[in-house]
Amino acid sequence: MVFHGCAALCCIWRHIGLWPTRRLGHTTLQMARFPITKSYLDTAALAGRLEDEYDLADVRCRLISATLRDVHLVTTSRRRFIFYVYRHGYRIREQIAAEWHFIDHLASCGVSVAPAVPARNGTLLLSFDAPEGTRYGVLTTFVDGQHLRQRPSVPAVRTYGRHIATIHAVADAMSAPPNRPVIDLAAILDEAVADAEMALIERPDVGIFLHECATSLRPGLDPLPKEPPAYGVIHGDVIRANALVGDDGTVTVLDFDFCGIGWRAYDVASYLLNYNGFAVTARYGDWDESELTGESRLLICVCRKSR
């Protein structure tokens, strides 16, 4: 596999014995390989790999998104596919495999999803020896349509909701839940606050406020039930961008990367959080509804449903 950038060149140099060195007097120090956070697969080399693994011809790959996963549009003379490449260290192999086996099970139960396409040897995952470590990729079916945010309608939203409810019911009927992360109080409160503190390192006051919020929320969340139907497998990212609406009104559920074990209300909340039917009607500088100024410690928004 070929990778763009100087990091790939350095890897080649080291492999063939041309690794750069620095001389200090009579001492030669070998420079360590600089750590890589994320690399990108060369699209031409990826096309060749997919041709070999899936017995395809005339494959062309184009990177269309690069966030938590790299998303490639794969085209041949006859078909189109989507190829996902996971970041190194973001998910272990078993969790990625469990995600796609669960999607395949949902498809077999009649849920409109985009399942993985097995390689010639039957495997769902391909591995890539990237500079930062092993990365895994999955080829999936391509679904025509537009995201729900681009093609909104009441019937499409209702269908999306029915699909999510069916996913919950299908998961509850399984003999054992898939090997996916647990979205518990630690993930919802502790890890979220810790991540926010790292992102807002210059605003310790915000970190204090978030800790106060977590402390006040915990007593209400601790007693919540942890058995079906209120608790179980959830999609984890029920937003409009993860529902694809076809020309015939068919709604396909996408992106199970955040799928895990948690409270079903989380799926409802993730949709409402991104719903644009609410408008900000007032802004205050604190919970006592004081006027918002440049010196305000907090920004409190009051939202009301606009339609």
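By salt bridge I mean a side-chain nitrogen of Lys or Arg within 4 Å of a carboxyl oxygen of Asp or Glu. This is a predicted model, where local features need pLDDT of at least 70 and side-chain atom pairs pLDDT 80 or more, while totals for chains, interfaces and linings use all residues. Numbering starts from 1 along each chain as its sequence is written, and side-chain values use heavy atoms, with hydrogens and water left out.

The structure has 13 salt bridges. One joins aspartate 172 to arginine 264, at 2.9 Å from N to O. Aspartate 172 sits in helix H4 and arginine 264 in the loop between S13 and helix H7 (265-273), so the pair ties together parts 92 residues apart in sequence. Helices (H or I, at least four residues) and strands (E, at least two) are DSSP runs, numbered from the N terminus. Arginine 264 is buried at 7% relative accessible area, whereas aspartate 172 is partly exposed at 34%. Buried is under 20%, exposed over 50%, partly exposed in between, with a 1.4 Å probe and protein chains only.

Glutamate 99 and arginine 69 form another salt bridge, 3.3 Å from N to O. Glutamate 99 is buried at 1%, and arginine 69 is buried at 5%.

Now the packing. A nonpolar core is a set of buried Ala, Val, Leu, Ile, Met, Phe, Trp, Tyr and Cys residues joined through side-chain atoms within 4.5 Å. The largest has 40 residues; Trp100 and Ile167 are among those touching the most other members. Helix H4 (residues 154-172) gives the most to this core, six residues.
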